[in-house]
Amino acid sequence: KGQTLIIVVISFWKSKEILEAAMDTKIIKIDTADPDLSVLSEAANFIKAGELVAFPTETVYGLGANALEAKAVEKIFRAKGRPQDNPLIVHVSSIEMARGLISQDLDRYSNIVELLWPGPVTLIFRKNELISQAVTAGLQSVGIRLPANPVALKLIELSGVPIAAPSANLSGKPSPTSEEHVLSDMEGKIACIILSGDVLFGLESTIVDLSGSKPALLRPGPVDVERIKELLPELVVPPFVEAREEYAGLALSPGLKYRHYSPDVPLVLIEGNSGEVVSRAGILARRSKSILLCSEEYSEFYPVHIKKVVLGSRNDLYRVASNLFRALRNEENRNYSQIIAESFPENGIGLAIMNRLRKAASRIERV
Ligand code: TXA
Ligand code: MG
């Protein structure tokens with residue numbers, strides 16, 4: 001009897017999986033430089049109908065739903081397998097639209113808003129009643145971003161509503177930066193995918209919390225923290241060394257406690273100064289079947305037989321950032337028993353690179 005029950009339950013699960021996998025995904029190709037509005041309005045119609053649309057932004061691909069409709073927003077959590085307590089970022093197409101979603105005086109921050117938007121920065125404000133708990137995971141604040149990508153902007157405009165969107169990856173995987181990444185995570189699970197090639201930055205937005213008594217950096221991203229500090233001298237910058245839920249009495253971003261970006265095999269991050277990093281990474285990589293993520297500058301110092309993926313030059317950290325998630329999602333990683341990664345300087349976007357590498361790491365060695 002027990003066995004029959006188990007079989008029934010399993011076949012129920014299987015048929016449910018098949019039903020969920022059977023969704024017909026409309027794939028739309030768009031030229032970022034010159035988006036075809038008639039094609040894009042098809043995607044906007046899905047948003048209006050309460051369906052999910054994956055779309056490009058300048059940071060990573062997002063998985064969008066009408067932010068004003070809780071039922072639509074709930075679909076995001078299901079498609080990604082995202083924990084319910086991790087809030088979403090709401091994307092707007094104008095500062096006016098942002099103003100309509102918050103209960104704070106936006107003009108107080110007009111210098112910041114006008115300098116950083118449109119762009120790869122999310123600002124957290126106290127929300128108003130238009131934003132449901134489904135979006136904010138129960139928080140009284142909401143993350144808002146005015147993206148700079150023309151496809152994203154037009155999609156929001158044509159939809160006529162703000163779009164709630166996390167990164168368009170399955171929960172636990174690195175954010176999607178290419179067409180291949182979005183398709184492999186979302187095809188068959190959502191109504192529509194907009195493809196427009198590789199994204200610009202390849203790292204998620206910088207998050208700055210303006211909802212509390214002190215402004216705080218919640219997640220480093222493409223914008224240099226020094227630049228934000230010029231605008232907000234009292235900005236609290238926690239050490240992004242490991243996931244913490246609280247720093248100096250401030251509640252940090254709920255997302256920080258999750259170990260995101262986990263690649264298919266364990267990643268060992270080597271931190272320290274150049275000579276020691278190269279020597280330790282070389283030793284580890286030689287010992288077992290390893291794939292090594294390294295900089296252009298150091299690549300020639302490693303033994304020739306080690307499989308290397310060059311992320312870019314230490315003098316061009318934007319390049320390193322844009323290659324990072326592709327390297328972490330590389331199908332080839334599965335052929336190795338571990339990934340060894342060099343550390344990078346923590347200036348400019350380097351702070352965000354190191355934050356993501358530390359979150360991806362199953363072990364950090366400080367040499
Ligand atoms: O670049 C990006 O930010 C991309 C694109 C699609 O815009 N989105 C993105 O979303 O990276 P997601 O969900 O992967 O990361 C959003 C982060 C999470 O760590 C979440 O906890 C935090 O933002 N967050 C959202 N709303 C928040 C709030 N009200 N307070 C604190 N943290 C918040
Ligand atoms: Mg994400």
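Contact here means heavy atoms within 4.5 Å. The model is predicted. By this criterion, T57 touches G62, R145, N149, A152 and V199, leaving aside residues up to four places away in sequence.

T57 lies in the loop that links β2 (53–55) and β3 (62–66). The residue is buried, because its relative accessible area is 2%, under the 20% limit. Its side chain takes part in polar contacts. One is with the side chain of T59, at 2.8 Å. Another joins the side chains of T57 and R145, at 2.9 Å. R145 is also among the residues that T57 touches.

The strands on either side of this loop, β2 and β3, belong to an open sheet of ten strands. The strand order is β1-β8-β2-β3-β7-β4-β6-β5-β9-β10, and the pairing is mixed. The edges are formed by β1 (26–29) and β10 (216–219). Each has a single partner strand, so one side of each is left without a neighbour in the sheet.

Within the sheet, β2 runs parallel to β8 (residues 192–195), and two bridges join these strands. A54 has I193 as its bridge partner in β8. Helices pack on the sheet as well. Helix α2 (residues 37–48) touches β1, β2, β3, β7 (163–164) and β8. The direction of α2 makes about 140° with that of β1. Helix α8 (residues 179–186) packs on the sheet too, touching β1, β2, β3 and β8. Its direction makes about 170° with that of β8.

Note on methods:
Residues are numbered from 1 along each chain as its sequence is written. Chains are lettered from A and ligands numbered from 1 in the order in which they are written. This is a predicted model: local features need pLDDT of at least 70, side-chain atom pairs count only at pLDDT 80 or more; totals for chains, interfaces and linings use all residues. Side-chain values use heavy atoms; hydrogens and water are left out. Helices (H or I, at least four residues) and strands (E, at least two) are DSSP runs, numbered from the N terminus. Buried means under 20% relative accessible area, exposed over 50%, partly exposed in between (1.4 Å probe, protein chains only). A polar contact is a pair of N or O atoms within 3.5 Å; within protein, one must be able to donate a hydrogen and the other to accept it, and residues adjacent in sequence count only if both atoms are side-chain atoms. Two strands pair if DSSP finds at least two bridges between them. Axes are lines fitted to C-alpha atoms, for helices over the stretch in contact, and angles run from 0 to 180 degrees between N-to-C directions.
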